[in-house]
Amino acid sequence: MDECRIWLDDTRYCVVDEIDFAWAKQWRWHATPNSTGRKFYATRMTRERGTRKQIKIFLHKEILKRSGKKARSVHHTIGDHDDGESLNNRRGNLFWATLKMNNSRHKQRHLIEQKEMRYEDDRP
């Protein structure tokens with residue numbers, strides 16, 4: 001599959017698979033920094049249904065939902081990027097993680113274990 005770029009501002013874009021491109025282009029996505037300001041995520045704002053409350057939608061989590069990838073448990077609520085690139089929103093790069101998994105990804109040992117666990121789940 002080809003990668004498609006969705007521009008978030010004048011200098012930043014995210015990458016999605018061709019299958020998600022037309023769907024994602026329905027909205028205007030923005031580059032939103034994480035708490036440290038070192039990474040950016042593709043986000044948009046919308047109103048919560050039936051209220052005036054604004055909620056933030058993350059593109060990578062929406063693509064995970066569209067892809068049909070199932071979370072292993074109710075604790076797997078974080079959309080994570082396998083390669084650590086927060087603007088690489090290709091389906092093959094995304095998976096559901098727990099808070100603990102997400103926080104420990106900087107350790108190479110945990111990365112390998114998590115990858116093996118995910119591939120185990122994908123086997124028929």
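**Note on charged and aromatic side-chain contacts**

1. K65 and E62 form a salt bridge, with 3.2 Å between the closest N and O atoms; a salt bridge here requires a side-chain nitrogen of Lys or Arg within 4 Å of a carboxyl oxygen of Asp or Glu. Both residues belong to helix α2 (residues 59-67), where their spacing of 3 residues separates them by about one helical turn; helices (H or I, at least four residues) and strands (E, at least two) are DSSP runs, numbered from the N terminus. K65 is exposed, with a relative accessible area of 53%, whereas E62 is buried, with a relative accessible area of 19%. Buried stands for under 20% relative accessible area, exposed for over 50%, and partly exposed for what lies in between (1.4 Å probe, protein chains only).

2. This is a predicted model, in which local features need pLDDT of at least 70 and side-chain atom pairs count only at pLDDT 80 or more, while totals for chains, interfaces and linings use all residues. Residues are numbered from 1 along each chain as its sequence is written, and side-chain values use heavy atoms, with hydrogens and water left out.

3. The structure holds 4 salt bridges. R91 forms one with D20, the closest N and O atoms being 2.8 Å apart, and this pair links distant parts of the chain, 71 residues apart, with R91 in the loop between β6 (78-81) and β7 (94-97) and D20 in helix α1 (residues 18-24). Both R91 and D20 are buried.

4. The side chains of D9 and R12 also meet in a salt bridge (3.1 Å, N to O). D9 is partly exposed, at a relative accessible area of 26%, and R12 is likewise partly exposed, at 28%. R12 also lies over the face of F40, at 3.7 Å from the ring centre; a charge sits over a ring if NZ of Lys or CZ of Arg is within 6 Å of the ring centre and within 35 degrees of the ring normal.

5. For the aromatic pairs, rings of Phe, Tyr and Trp (its six-membered ring) must have centres within 6.5 Å, with planes under 30 degrees apart counted as stacked, over 60 as edge-to-face and the rest as tilted. By this rule the count comes to 4 aromatic pairs. W23 and W27 form an edge-to-face pair, 5.1 Å centre to centre with 70° between the planes; W23 is buried, with a relative accessible area of 18%, and W27 is partly exposed, with 29%.

6. Ring pairs link W23, W27 and W29 into a cluster, and the charged end of R44 sits over the ring of W27, 4.2 Å from its centre.
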